[in-house]
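Subject: Structure handover

Hi,

Here is the structure for you to look through. My notes follow below it.

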Amino acid sequence: MTMKMHITKNQRKPHIILYRRDNGTATWMYADDFFVVHDLSHFGLEKTLGYKTAFMGMLNNGMEIKDFENREKPKQMAITAEAVYAENMANLFLMETTHSNLTDFNQVLRHAFKPMNKQLSAPVLSEKEISSVRNHLKQLITQWKELQAGETMELDYEC
């Protein structure tokens, strides 16, 4: 099963992010540059780590992208450990793209994760996993930056 992520780059209006689920339905939103790279961060880390029930999996299983804007909607859902991990890591990996890489990614993740979730311990990634996510995200962001206005970036996510 494959979900497709389409990001259309626009110049003087918001970009469009569209997710075409493996059942043929879709969910989409207008997005600024931040949300594009944030979603690319989710895509890169979830694909690299093989996550199936985090952000991308939730979208493929029927959640609407706009539901994430509603603070009450996610509270009504069963959120998996993968989804909690991915949200925390997506922000850290994204932060690294505009600053330098964290010296000890796992230590910062533990520190950031602790106040957010009392029921789960922070995940621990191997150096190979951290490096793989960083490289994949860097490639995705480069691909996005090189895209011309009016063009669409298409990515496949195995669910």
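Start with Trp-28. Its relative accessibility is 34%, so Trp-28 counts as partly exposed. The classes use relative accessible area: buried is under 20%, exposed is over 50%, and partly exposed lies in between (1.4 Å probe, protein chains only).

Some ground rules. This is a predicted model, in which local features need pLDDT of at least 70 and side-chain atom pairs count only at pLDDT 80 or more, while totals for chains, interfaces and linings use all residues. Residues are numbered from 1 along each chain as its sequence is written, and side-chain values use heavy atoms, leaving out hydrogens and water.

**Rings**

The structure holds 6 aromatic pairs. Rings of Phe, Tyr and Trp (its six-membered ring) pair if their centres lie within 6.5 Å; planes under 30 degrees apart are stacked, over 60 edge-to-face, and the rest tilted. One of the pairs is Trp-28 with Tyr-30: the centres are 5.0 Å apart and the planes stand at 90°, so this pair is edge-to-face. Tyr-30 is exposed, at 52% relative accessible area.

Phe-43 and Tyr-157 also pair edge-to-face, because their planes are at 65°, with centres 5.8 Å apart. This pair links distant parts of the chain. Phe-43 is in helix α1 and Tyr-157 is in strand β4 (residues 152-158), 114 residues apart. Helices (H or I, at least four residues) and strands (E, at least two) are DSSP runs, numbered from the N terminus. Phe-43 is buried at 2% relative accessibility. Tyr-157 is buried too, at 1%.

Trp-28 has a charge over its ring as well: Lys-66 lies over its face, 4.5 Å from the ring centre. The charged end of Lys-9 sits over the ring of Trp-144, 4.9 Å from the centre. The test is NZ of Lys or CZ of Arg within 6 Å of the ring centre and within 35 degrees of the ring normal.

**Helix α1**

Helix α1 covers residues 33-49. Of its 17 residues, 12 are buried, so α1 is largely enclosed by the rest of the structure. Among them are Val-36, His-38, Leu-40 and Leu-49. Just after α1, Gly-50 takes a positive phi of about 75°.

**Helix α5**

Which residues of helix α5 (residues 105-113) are buried? They are Phe-105, Asn-106, Leu-109 and Phe-113. These cover an arc of only 90° around the axis, so they sit on the same side of α5. The arc is that of the directions from the helix axis to the C-beta atoms. The buried residues of α5 pack against α4 (81-98) and α6 (127-146), where contact means heavy atoms within 4.5 Å.

Best wishes

Conventions
Expected span 1.5 Å × (residues − 1).
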